[in-house]
Every structure is written in structure tokens, then in C-alpha cells.
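Q: Can you show me how to read a structure, one feature at a time? I have the sequence and the model open.

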Amino acid sequence: MSAAATRRLTTAQALVRFLAAQYTERDGVRHRLIAGTWGIFGHGNVAGLGQALVEYREAMPYHQGRNEQAMVHAAVGHARHLNRLSAQAVTTSIGPGATNLVTGAALATINRLPVLLLPGDYFASHAVDPLLQQLEHPVEADVSVNDALRPVSRYFDRITRPEALLTSALNAVRVLSDPAETGAVTLALPQDVQAQAYDWPEEFFADRVWRVRRPAPDPAELAEAVRAIRAAARPLIVAGGGVHHSEAEPALKALVDATGIPVASTQAGKGALRHDHPADLGGIGHTGTAVSDALARTADLVIGVGTRYSDFTTASGTLFQHPGVRFLNLNITAFDAHKLAAATLVCDARSGLAALTDALAGHRVDAAYETEYRTGRARWEEAVEGAFHADDDSAVPTQTQVLGALDAVVGDEDVVINAAGSLPGDLHKLWRARSPRQYHLEYGYSCMGYEIPAALGVQQAAPDTPVWALVGDGTYLMNPTEIVTAVQENLPVKLVLVQNHGYASIGGLSESVGAERFGTDYRHRVADGSFTGAPLPVDLAANAASLGMDVLRAKTVRELREALSTARAATRPTCVYVETAPPGTALPAEAWWDVPVAEVSAREAATEARAAYERAVADRRRHL
């Protein structure tokens, strides 16, 4: 009897070869699971994974990053644009390179998006102890800084022997490809183990296909859901990111066309219906539209599809005010389906929506209800036009007029990326999403610095698509480094850099909660310690140019439109820089958000804010 075939490789070489042979498949379409690896090399990974990536560079594309957190953001942007069917890996050294992964890992896991993290780790043999950058724990000698990744990872393992990879690699890929479990996956790789050789079974390197399931709804749950919808007079669908991940947009449209049930969307779900569909009400919650939030307050049945119900969506528990309101949640994750004491449909979004459409044949909401929400969305469209419109093309644009100028330039296929600041609120209220993938807002973690690297990941996923990263000055200063990567890889991302001299969003919040905008302006410090002097002499456009971007400066509405058109046609990384005029945002919030205010204070602003807070919090409900 002959021995099983083996191949002698280092652990790092084996891992790269294994990852290159993993695929996902859904609806008969196959995707490479790990499409490439981002990396910054140090002593913890250069001789292991670095050497392996050189050895197998034809099998595993490599992308050079400048910041470890940014590399994770790029990988997350890539995975989201491809509906979680393809992901990327990120490798760093041990030490600060590894701990810089934590923010990106949290973002990925909170948003249910797959990314594979491969940080180096200390010597498993303890042959060198203490190692450069080692955290010496006085009680637990096996703790490393990589343990900081445990709470933000959906799967974590430290590979202390080569053969341990055989099981752990399969578990890692299982989690990455599972729509109900996915998020950040971490394999910590001690640097000595990376370089150790082992006789690997050939079967480990065979092509392996991970089928992404579309579980159907349980018949009893489906029957209960149908009864609830038929009994409801004012049902409202809340579309979350799960609609996109499942590619369930046509199924949602079919249900809505058949029943007339209106749809409001979370930040992750916007674009689930095209903006001009008569049942699309736009965003919901604290940053929602007037029509969405008005209907949410009177809805007797809220049907959540692929949403995790963050506090922005529920207006911190104050939005859904109908005395008898109940919830029906369709979600592939039971954890999310059971929120708000809901009746549940634990299934794939597309499968569940199709089953509901079939089971609800002949059912439609009352004509008066349709007339009500269509009238409301028409009024809101007038508000959008007012926010986007500029009476004087020679004037300095407001932030919402910047969005209006971009709205006039983009095509259906363009992707608009944002994550933090005042822009998410304006975008959620105003943006007219033309396609399922156009509106790319990271608002689960709302991470400043996400936009530019995420644009790189999206551009890699869709090379011929115009990709726009919208950032304010605060976000830009957090993480502009991947501009250099865009130049190096010739990724023609478009950056819209909005200068408003500070943290505009948090400044407005600060004022509303009695903190008087303290510490939120980018200005010179004055005698009383505040930052209310002249704007700082900082030229962010020059900075972007110094990093290799083509930069177009726009001072007026007319110049802005021209610059955006030029940028859209550009074939290399291009920045449109614009300084905006107040107000920072044109339309107020339509619903509350709970940010606790100082219960006692000697300052009038805080005492007034506390009184307003107590009035608002009184409307909170516990949905049981």
C-alpha cells in the first residue's frame, strides 16, 4: 500500500497555496474566495508570508499598503461590493502592525463583512524571549498583542504548530464564506512556525468550493408572517444590508410591486429599491427622510429585512410609536431576527422575500395608504430639489449643493463611498440611489478614514466603474495614506474632499447636547482655551497632490460641476477639492438620537440641553 502523496512546504507557503484554491459558489456562479493579499512587512512576517507571497505571486495577487488599518478597510470595501462572495487577506508584522488591525477588524465584524487577518506573532518556541515588540504578561505567557483581536473576530486561532493549520485554515474559510457567521477572521502566525517545513497532504491544496446557502423559511414561520402582513393596515418594510448581500433587490421589488408595501432603508440597505420607485421612501431613523419617519411612527407592522436595527434606525427606541406595533424580521442570522421581540423568518433574504410574495398572492395594502405615502415622497422630493439647487452658480456651494452637483454627474453604475461626519446624514436623506451597489455607506462602525482605502477595494472589485470617495477635512486627516497605493496600482478613484474647517457633524451634536462645540473646530487656539480663532493655514489639496493625485480646485458651484465631470472621465487618481459655505447641512434630523446630556451643570447651554433630552427620552419604548 503506497503512502499518501505529500508536499514539503513551509507553513506560510502552504497557507498561501491553500487560500489560492478556495472558492465560493452561489446560484451556480463561482468566485475566488481570497482574491488577493494586502501586506506591510516587518520582522514578524517578511521571512514567512513575505517569502511565500514571492514564491507563489502568480497564484496570489499582492497589494502593498501604507497603513494596516487602511488595508483592512480596502479588503472590506472589496468584499462588500462583491456581496461577500469574495474577500481579501491582510498580513502584518507583530507589534504595532498587528494592533493597527483592531479597528478594521471591528468594522468588518460589526458590518458582517468577511476579511482574513494574518498577523505575525511571537516565537512559538520561545527561543527568543522577549522578542522585539513583545508584550510580556506577568501571568499568562502565551498572551500576545494579537489577543486584542479576539473580541472583534468571528474566528481566532494561533497556529503554534504547522499541522494545526490543517484544521484551522478550513475553519477560517468556513466562517468567511458563511453568510450567517462571517466577519473578521484572524489566524495569528508565530514567525518561527511560518518558516517551518512540514509534509502537507496533497488534498489540502485541491480546489475547494464553499457553497453559499440560501436557506428557505420554515413553513410555520412563513405562515405566521403571512397572517401578520394580511392583518396589518399600515405595514412598512425596513430594508437593511442583508438585501444587498443576498442580491435580493429584484425579489424585494417583486414583493413591493405585488403588495404595495412601502420600503424605508437603513444606511446599509439604501438602494434596495431604485430611488424613483413609487414605494421607495428613502432613509429611515435619525438620518431618515420626513416621509419614512412619519410612516414609521404610525406603522402597525414593521418588516425588517436583513437589518440589525441600530439605534440610528430605531431613533434610539423612539421611532415606532403605534400603540399596537409589532415586528416581523427576515434575517439569515437568528441573533438579528429575534430583535425587538419580533416574529421571525430565519432564512436567506431572497428566498424569504420570494416565498412571501407567493404566499401573499392577491393581497395589497389599502389604496388610501398608497396615496398617503406617495404624496409624502413627492413632498420630500421637493425638499431634495431645494437642498441640491443653487440659485447662483458663482457662489460658494453648501455641502448639500456639493451632493447635488455630484448627483447630476454620476451614472447608474457609479459607486459613492462615505462613512463618517456630517455627510452620512445628508446622503441618507438626499442621495438618489440608482442601482443596488451605488450607495456604499459604512455606518455600522462609522469609521473615519474608511472612505479612501475602501474606494481602492471597490475599484479592484469593479475596475471599469467610477468610484467616488467623499470625505471631509477631518476624515481626510485621519487616513490619506492609501492615495499613494492608488497611484502605485493605477486605480482611478475619485476623491471629493470637502473643507469645512473641523468636525462638522460632531460640532453640531456638541451644540445640541450643551457642550458648546468645544474642541470641534480646526482653528487657532484663543485666549480662553477654545479653538475659535482663524482657520488653520492647512492646504489639504496640496497635500493630496503631493501624494500623487491630480487635484482640481473648485471655488464655485459652476467650477464644482466642471471639476466633477473632469474627474469622472479621468483615468488616474483624481481629487476634487471644494471649500463649502455654511450651513453644514440643510435639512434637520427627523427623529431623535440618544446621546446623554450632563444631568447637572453650571452652564446654561447644558441645562437647556438636559431639559430637551428629558422630553425626548420620555418617548422611548421597550418593544416586548
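A: Start with one residue and its neighbours. This is a predicted model. Leaving out residues up to four places away in sequence, Gly317 touches Asp619, Arg620 and Arg621.

Q: Where is Gly317 found?

A: Look in the loop between α12 (311-314) and β16 (326-331).

Q: Does Gly317 count as buried or exposed, and why?

A: Buried means under 20% relative accessible area. Gly317 has 13% relative accessibility, so it counts as buried. Now compare sequence and space. Gly317 and Trp593 are 276 residues apart along the chain, and 8.8 Å separates their C-alpha atoms.

Q: Next, the sheet. In what order do the six strands stand?

A: First the general idea. Strands of a sheet pair through backbone hydrogen bonds, either parallel or antiparallel. Here the order is β19-β18-β20-β21-β23-β22, in an open sheet with parallel pairing. At the edges stand β19 (439-441) and β22 (550-554). Each has a single partner strand, so one side of each lacks a neighbour in the sheet. From one strand to the next, the twist averages 20 degrees.

Q: How many bridges join β22 to β23?

A: Five bridges join β22 to β23 (residues 574-579), and the two run parallel. Find Leu552: Val576 in β23 stands opposite.

Q: Which strands does helix α23 touch?

A: Helix α23 (residues 557-569) packs on the sheet and touches β20, β21 (494-499), β22 and β23. The direction of α23 makes about 160 degrees with that of β22.

Q: Now a helix. How many residues of α5 are buried?

A: Seven of the 10 residues in α5 (residues 101-110) are buried, which leaves the helix mostly covered. Among them are Leu101, Gly104, Leu107 and Ala108. Here is the general idea. An α-helix has 3.6 residues a turn, so residues three or four places apart point the same way.

Q: What covers the buried residues of α5?

A: The cover includes α3 (68-81), β6 (87-92), α4 (96-99), β7 (115-121) and β9 (184-190).

Q: At what angle do α3 and α5 pack?

A: The angle is about 20 degrees, and the axes are 7 Å apart. That makes the two helices, α3 and α5, roughly parallel. Their crossing is right-handed. Residues that meet there include Val72 and Val76 in α3, and Leu101 and Leu107 in α5. By class, this contact of α3 with α5 has six nonpolar, four polar and one charged residues.

Q: What is the phi of the residue that follows α5?

A: Arg112 follows α5, and its phi is positive, near 60 degrees.

Conventions: Residues numbered from 1 in each chain as written. Predicted model: local features only at pLDDT ≥ 70, side-chain atom pairs only at ≥ 80, totals over all residues. Heavy atoms only, no water. Pairing = 2+ DSSP bridges. Helix = DSSP H or I, 4+ residues; strand = E, 2+ residues; numbered from the N terminus. Axes fitted to C-alpha atoms, helices over the stretch in contact; angles between N-to-C directions. Contact = heavy atoms within 4.5 Å. Buried < 20%, exposed > 50% of the residue type's maximum accessible area, 1.4 Å probe, protein only. Parallel < 35°, antiparallel > 145°, perpendicular 65-115°, else oblique. Left-handed = near helix turned anticlockwise from the far one by under 90°. Nonpolar A, V, L, I, M, F, W, Y, C, P; charged D, E, K, R; others polar.
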